Amino acid sequence: MKKSIDLTKNIETLFGTRDENLHLLEAGLNINIDMRANCIELEGAPRDVARAEQLFADYEQLRKTGYQFQNGDLNSMLRVLVGDPNVTLKGLAEAGRQRSFGRRTVQPKSPNQRRYLEAIEKHDMVFGVGPAGTGKTYLAVAMAISALLNKQVNRIILARPAVEAGERLGFLPGTLQEKIDPYLRPLYDALFDMLDPERVERYLEKNIIEIAPIAFMRGRTLNDSFVILDEAQNTTSEQMKMFVTRLGFNSKAVITGDITQIDLPNARRSGLLEAIDILQGVNGLAFVHFDESDVVRHHLVQRIIRAYDEHKTRIAEQQLLLLEPKTGTSDAIGQVRTASGAKRSGEEIPAREAPPAITMEEPHVRN
């Protein structure tokens with residue numbers, strides 16, 4: 001099926017740098033896009049062409065209403081759109097408008113990120129599991145700030161296990177807060193990115209935003225709170241059970257972690273891994289799994305994560321090959337023996353000749 005779309009003013013802003021957005025649409029929707037002097041030709045299956053035509057119409061309507069795409073948001077939306085046939089560009093743009101994230105308007109940049117935000121809205125407890133750079137912590141903090149500013153909760157509590165990444169930093173100087181700050185720095189970064197520094201400091205002073213290591217959670221009941229546990233792969237089984245049972249009334253909890261970066265000492269089992277096994281069938285909570293396609297950092301990060309995953313798969317395959325029994329070994333041993341009295345498959349062992357009899361001659365008696 002072929003379809004022609006008239007060229008309109010500034011439509012080239014949809015194409016992206018070096019037409020990267022058009023290439024994305026061609027690959028994702030399985031269509032061909034040809035530029036003509038006065039129109040754009042779409043060719044492909046009727047359903048795919050119809051989706052592309054709707055996308056161009058949505059973009060034109062958003063542009064006329066003054067909607068501004070910033071910081072690669074358009075490319076991110078198109079990735080979500082080609083990955084989910086039920087999504088429209090207009091729907092994604094309007095969904096992003098409805099959320100207030102302080103100084104920023106955050107758009108989901110992949111289908112999994114979109115499912116993650118929807119899961120946080122619909123469920124009281126959400127597990128976000130995946131590699132580094134997929135926006136697990138950043139989006140959770142954004143949703144927490146949105147809930148606080150919209151008065152859905154009274155405070156935000158950000159927790160993290162105080163575990164070094166394969167190092168031993170020793171005793172850190174300063175007050176208790178100064179000791180734990182290095183472990184919680186990623187959470188501070190997300191806060192300062194979305195709120196004015198003065199506002200963050202004021203919220204911290206009044207304990208409207210509380211940042212603490214997970215060890216301080218025991219014995220508490222967290223009501224009217226948005227609670228985030230970051231780096232959950234470094235919790236022990238006891239810590240994870242303690243955390244997920246702290247939730248009080250009118251509260252939400254988001255647990256994020258990367259099961260490929262466990263830094264627990266003495267090869268202890270991760271509390272996150274155990275929670276995934278135990279809580280899968282529990283009503284009221286959701287699990288969202290990310291992969292390298294959701295990485296929103298430098299494109300090189302995606303390729304690095306993929307390379308590590310492929311290496312891990314190769315190692316696992318090699319170990320399986322080493323563990324497999326070698327077929328035919330026992331038969332060969334039974335059929336092939338050593339040269340001394342050996343028997344080869346299909347050969348008869350010749351009867352051994354009797355040794356020559358030893359006779360004693362009578363002595364000759366001389367006369």
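Me: What stands opposite leucine 229?
Reply: Leucine 229 stands opposite isoleucine 255, which is in S8. Strands here are DSSP runs of E, at least two residues long, while helices are runs of H or I of at least four, and both are numbered from the N terminus.

Me: What kind of model is this, and how are residues numbered?
Reply: This is a predicted model, where local features need pLDDT of at least 70, side-chain atom pairs count only at pLDDT 80 or more, and totals for chains, interfaces and linings use all residues. Residues are numbered from 1 along each chain as its sequence is written, and side-chain values use heavy atoms, with hydrogens and water left out.

Me: How many bridges join S7 to S8?
Reply: There are 4 bridges, and the two strands run parallel. Two strands count as paired if DSSP finds at least two bridges between them.

Me: And what about S5 and S7, how many there?
Reply: Strand S5 (residues 155-160) is joined to S7 by 5 bridges, again running parallel. Isoleucine 157 has valine 227 in S7 as its bridge partner, and valine 227 has alanine 253 in S8 as a partner. From S7 the chain crosses through H9 to S8, in a right-handed β-α-β crossover. Right-handed means that, with the strands pointing away from the viewer, the path from the first strand over the helix to the second runs clockwise.

Me: What's the order of strands in the sheet?
Reply: It is an open sheet of 6 strands, S6-S5-S7-S8-S4-S9, with parallel pairing. Strand S6 (209-213) and S9 are the edge strands, each pairing on one side only.

Me: Is S7 buried or exposed?
Reply: Buried: 5 of the 5 residues of S7 are, so the strand is largely enclosed by the rest of the structure. Buried means under 20% relative accessible area, exposed over 50%, and partly exposed in between (1.4 Å probe, protein chains only). Ser225, Val227 and Leu229 are buried on one side of S7, and Phe226 and Ile228 on the other.

Me: New topic: helix H5. Which of its residues are buried?
Reply: Pro111, Asn112, Gln113, Tyr116, Leu117, Ala119 and Ile120. These buried residues pack against several elements, including helix H3 (73-83), helix H6 (136-149) and strand S7 (225-229). Contact means heavy atoms within 4.5 Å.

Me: What length should H5 span?
Reply: With 12 residues (111-122) at 1.5 Å a residue, H5 should span 16 Å, and its end C-alpha atoms are 16 Å apart, which agrees. The expected span is 1.5 Å times one less than the number of residues.
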